[in-house]
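User: Hi! I have a structure open and would like to talk it through with you. Ready when you are.

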Amino acid sequence: MDFTEFRAAAELVGMLLTDLRSLTLLLLLLAAAICDLRTRRIPNLLTLGGTALALLYSLAAPQHHGSGPLWALGGLGLGLGLMLPLYLLRAMGAGDVKLMAMAGAFLGPDGTWQAVIFVFITGGMAAMAYALWHRVAGKLLRNTLQTTELLFVTVAAGIRPDARASSAQSVGSLPYGVSIALGTTAFLVARQFTWV
């Protein structure tokens, strides 16, 4: 490890030790990922408790750079709003939506939309890795095309979309809380080094 890499790692550790908001969020995301891996559920106590912590922190922390309660509520609403359509399509669980809303309360609106992009990229990479590992990539692609066509037809017909209405047999499911944790962590690292 050369000096530049060491300095970058030290800055990252320093950010974690000095920024209580980011450290708390990372610990909550880690707990959610572990729960999702073990039980395929993310407890309400974790997501709702984490959201309450974020809102309380926004009240107690010094009001700098727009980090007050409205900022936290904006991030919460944006996280919820960006993930809710996937829940309504039954492509994601309610715990995943609540987890992203909780992360949004810690990140604020600007951080939330960027983190969601990282989360979607991470989720897509995880889905592709899963499909390649289990040798079902072709079936995953066919299912995706069939489901997309079905959704367009149902929307055009004025019927409420439902991703489960497709006759395609699932190739499996992923604990999306892990993708939310990894994607949000990647965003925090990228933001720390001003890559985003």
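User: In what order do the elements of the protein chain run from the N terminus on?
Analyst: From the N terminus on, the order is α-α-α-α-α-α-α. That makes 7 helices and 0 strands, where helices (H or I, at least four residues) and strands (E, at least two) are DSSP runs numbered from the N terminus. Keep in mind that this is a predicted model, with local features needing pLDDT of at least 70, side-chain atom pairs counting only at pLDDT 80 or more, and totals for chains, interfaces and linings using all residues. Residues are numbered from 1 along each chain as its sequence is written, and side-chain values use heavy atoms, with hydrogens and water left out.

User: Thanks! What does the C-alpha trace span along its principal axes?
Analyst: About 50 × 40 × 30 Å.

User: And how much of the protein chain is buried?
Analyst: Buried residues are 35% of the 196 in the protein chain. Buried means under 20% relative accessible area, exposed over 50%, and partly exposed in between (1.4 Å probe, protein chains only).

User: What share of the contacts with a separation of 6 or more comes from residues 24 or more positions apart?
Analyst: Those residues account for 73% of them, a contact being heavy atoms within 4.5 Å.

User: Let's zoom in. Where is T184?
Analyst: T184 belongs to helix α7, residues 176-192.

User: Why does T184 count as buried?
Analyst: Because its relative accessibility is 0%. Other buried residues in α7 include Y176, G177, F187 and L188.

User: Which residues does T184 touch, leaving out those up to four places away in sequence?
Analyst: T184 touches L25, L29, M100, L107, A115 and V119.

User: Its side chain is polar, so which backbone oxygen lies 2.8 Å from a polar atom of it?
Analyst: That is the backbone oxygen of I180. A polar contact here is a pair of N or O atoms within 3.5 Å; within protein, one must be able to donate a hydrogen and the other to accept it, and residues adjacent in sequence count only if both atoms are side-chain atoms.

User: How far apart are the end C-alpha atoms of α7?
Analyst: They are 24 Å apart, which agrees with the 24 Å that its 17 residues should span at 1.5 Å a residue. The expected span is 1.5 Å times one less than the number of residues.

User: Switching to S58: buried or exposed?
Analyst: S58 is buried, because its relative accessibility is 0%. S58 sits in helix α3, residues 44-60, and its side chain reaches the backbone oxygen of L55 at 2.7 Å.
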